[in-house]
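Student: I am new to this structure. Please take one part and walk me through it closely, then show me what surrounds it.

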Amino acid sequence: MELPFAESYKIKMVETLRRSSREEREKWLKDSCYNLFKLRSEYVYIDLLTDSGTGAMSDKQWSAMMVGDESYAGASSYHLMKDTIKKLFGFADFLPTHQGRAAENVLFTVLVKPENIIPGNSHFDTTKGHIEFRKAHAVDCTIDEAFNPTLNHPFKGNINLNKLEKVLKENPIEKIPFIIVTLTCNSSGGQPVSLQNLKDVHMLARKYGTRVLFDSARFAENAYFIKTREKGYENKTIREIVLEMFSYADMMTMSSKKDAIVNIGGFIAMRDHDLFQQASVYNILFEGYITYGGMAGRDMSALSQGLMEATEFDYLETRVKQVAYLGEKLKNYGVPVLEPFGGHAIFIDAKKFLPTIPKEEFIAQTLAIEIYLEGGVRAVEIGTLLADRDPETRENRFPELEMVRLAIPRRVYTNNHMDYVAVTVANVYQYRNTFKNGFKIIREAPILRHFTVELDKIC
Ligand SMILES: *Cc1c(COP(=O)(O)O)cnc(C)c1O
């Protein structure tokens, strides 16, 4: 017999999970104003809210924490991180920050001015938040194929070069400080960008005289997809692919809570030393001195080790295959899921799942709530709540896709947990026709409202 696939690690430490009853969950959810972010984590059995900062560190990362250097300036942990970033991405200059959005805050304070235009592939929510907060505009140039939830395209995170060139051509280039490429593209379903596309975007940026920023949270998963899907890369190592990817970027922002497999941390890295010096001013102001930037030395050491582990093929194969395992299960139960499966999450097509709920009543949120009630599984809405209001008209923005995301933390759950999640969702699918009403907003914040919004049932 052919030997089956199995995880590339074993478990050394465990954490107890608590199950709950449907009655308990109904009460907890009501007390949380139907916002899953407001639930206490003990009230959740399997937590697929996010893969951000929720990964399990390895024995090597934990030992790196013990030898972390907590010197205020010039710590060896900082130099370890600097060397690792240089080796993996090719950038000589870097600034540590406490997480990804802090990296955006520091860099965008230097680069983004009111009325600027920042084209990219479905900008991540905090990225868009930091752009719009500065009265600039994010323009989505993702390929149209990304909006067809079942079309099988290997690189649905790609930028449509015609859309991008139109933006570059029709606006004064001084208004476009950079192009953002998000790897993998979270907002379009954890979909990768091909190396060819990265190369083409770089060429367009050079042609028109602007720069390229990689929003890099899941760069390693992106590299795995390049290796397994793009012609010519099958025999390259993940690290060779990563180095080539970043040769087409001028700078990067990183949320280390994803593909650096740490619980907190981030950084900015760049080629332009002047830009580094300008950004250093704001790093000191907002984050901390340039050799720690809001991170403990031990966290920088664990982060460096995490970057090395995340760029190993065996780790990535285990990771991406577990996500696909859940995707296949759901598909077999008839649940409408986005395909191809993403690198870090499975996305459920909520409009197809719940066709009777009007879009004004938050279709994806309604589904995420039912999934929690059914099995204590916490997912997240990627729909109208997240899309927020138009900053000028203050009208709700209704995205083309209403999705519920099941994000899988790295190295945390087993495939038995995935089986449980799949049955939870399949049960909701069985009684989907009994849903008549969704939710209405009681209270919301002016920006990034999904984190704190309060809702009530429409009866
Ligand atoms: C998570 C994430 C961010 C923001 O990072 P935080 O660490 O959560 O602040 C930015 N961009 C992308 C693509 C992300 O996934």
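Predicted model: local features only at pLDDT ≥ 70, side-chain atom pairs only at ≥ 80, totals over all residues.

Tutor: Where is the closest cysteine sulfur? Now take Cys 141. Cys 141 is buried, with a relative accessible area of 1%. The closest cysteine sulfur to that of Cys 141 lies 11 Å away, in Cys 185, and is again too far for a bond. A disulfide is a covalent bond between the sulfur atoms of two cysteines. The cut-off used here is 2.5 Å between the sulfurs. The structure as a whole holds zero disulfides.

Next, look at helix H6, which covers residues 161-170. Begin at its start. There, a side-chain oxygen of Asn 160 comes to within 2.8 Å of the backbone nitrogen of Asn 162. Which residues of H6 are buried? They are Leu 164, Glu 165, Val 167 and Leu 168. Looking down the helix axis, you find these buried residues within an arc of 160°, so they line one face of H6. On the other side, Asn 162, Lys 169 and Glu 170 are exposed. What do the buried residues pack against? Their partners are three strands, S3 (117-120), S4 (137-140) and S5 (178-182), together with helix H7 (195-208).

Now step back to the domains. The domain assignment gives domain 1 (22-51 + 313-457) and domain 2 (59-310). Their centres, taken over C-alpha atoms, are 26 Å apart. How many residues are in contact between them? On the domain 1 side there are 32, and on the domain 2 side 39.

The largest nonpolar core has 60 residues. Phe 89, Met 245, Phe 246, Phe 267 and Leu 307 have the most contacts inside it. Each of domain 1 and domain 2 supplies at least three residues to this core. Leaving out residues up to four places away in sequence, Phe 89 touches Phe 219, Val 242, Leu 243, Phe 246, Met 252, Phe 267 and Leu 307. There is also a second, separate core, with 47 residues. Among its members are Leu 36, Val 44, Ala 350 and Ile 363.

Key
Residues numbered from 1 in each chain as written. Heavy atoms only, no water. Buried < 20%, exposed > 50% of the residue type's maximum accessible area, 1.4 Å probe, protein only. Helix = DSSP H or I, 4+ residues; strand = E, 2+ residues; numbered from the N terminus. Arc of directions from axis to C-beta. Contact = heavy atoms within 4.5 Å. Polar contact = N/O pair within 3.5 Å; in protein donor to acceptor, adjacent residues only side chain to side chain. Core = buried A, V, L, I, M, F, W, Y, C linked by side-chain atoms within 4.5 Å. Domains from an automatic or database assignment.
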